[in-house]
Amino acid sequence: MKAVVGIVVSNKMQKSVVVVVAVDRLFQRKLYNRYVKHTSKFMAHDENNDCNLGDRVKLDPSRPLSKRMHWAVAEILQRAKIYVPPSPTAPAPGGAVVESP
């Protein structure tokens, strides 16, 4: 098997440090002369629990670690941009302090 690149869809499994990665492939249907997108989900072992939702990762094949886990995260190619809302105690933009009466 060769290495695959995909996007992290789920990282909710904390104890088993597993990420679910979706890999999209395009292939052509000869009969209809159309391209079809096929998505595969792989369970992969994430040793340090570094992967977050939306990260683009590279998976390498490994020995079977469980019933569905045969991949290991080799590297994180691109981190996802995560929006962090500003805290309510932060000063207003422009440096002006707004006080309530």
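Here are some questions and answers about the structure above.

This is a predicted model, so local features need pLDDT of at least 70 and side-chain atom pairs count only at pLDDT 80 or more, while totals for chains, interfaces and linings use all residues. Residues are numbered from 1 along each chain as its sequence is written, and side-chain values use heavy atoms, with hydrogens and water left out.

User: Happy to start simple: what pattern does the protein follow along the sequence?

Analyst: Helices (H or I, at least four residues) and strands (E, at least two) are DSSP runs, numbered from the N terminus. There are 0 helices and 5 strands here. Read along the sequence, that gives β-β-β-β-β.

User: Which residues does Val73 contact, leaving aside its neighbours within four places in sequence?

Analyst: Val73 is itself a member of that core. Contact here means heavy atoms within 4.5 Å. On that basis, and with those neighbours set aside, the partners of Val73 are Val19, Ala44, His45, Asp46, Cys51, Val57, Lys58 and Leu59.

User: Is Asp46 buried or exposed?

Analyst: Asp46 sits in the loop between strand S3 (34–45) and strand S4 (56–61). Buried means under 20% relative accessible area, exposed over 50%, and partly exposed in between (1.4 Å probe, protein chains only). With a relative accessible area of 6%, Asp46 is buried.

User: How far from Asp46 is the nearest side chain of opposite charge?

Analyst: For charge, Lys and Arg count as positive and Asp and Glu as negative, while His and the chain ends are not counted. A salt bridge is a side-chain nitrogen of Lys or Arg within 4 Å of a carboxyl oxygen of Asp or Glu. Asp46 has no salt bridge, and the nearest side chain of opposite charge, Arg79, is away by 7.6 Å.

User: Which backbone nitrogens does the side chain of Asp46 reach?

Analyst: A polar contact is a pair of N or O atoms within 3.5 Å; within protein, one must be able to donate a hydrogen and the other to accept it, and residues adjacent in sequence count only if both atoms are side-chain atoms. The Asp46 side chain reaches one backbone nitrogen at 2.9 Å, that of Asp50. It reaches another at 3.0 Å, that of Cys51.

User: What does Arg79 meet in a salt bridge?

Analyst: The structure holds 1 salt bridge. Arg79 lies in the segment after S5 and its partner in the loop between S3 and S4, so the pair ties together parts that are 24 residues apart in sequence. The N to O distance is 3.5 Å, and the partner is Asp55.

User: What is the phi of Asn49?

Analyst: Most residues other than glycine have a negative phi. Asn49 lies in the loop between S3 and S4 and is partly exposed, with a relative accessible area of 31%. Its phi is positive, near 55°.

Definitions and conventions
Core = buried A, V, L, I, M, F, W, Y, C linked by side-chain atoms within 4.5 Å.
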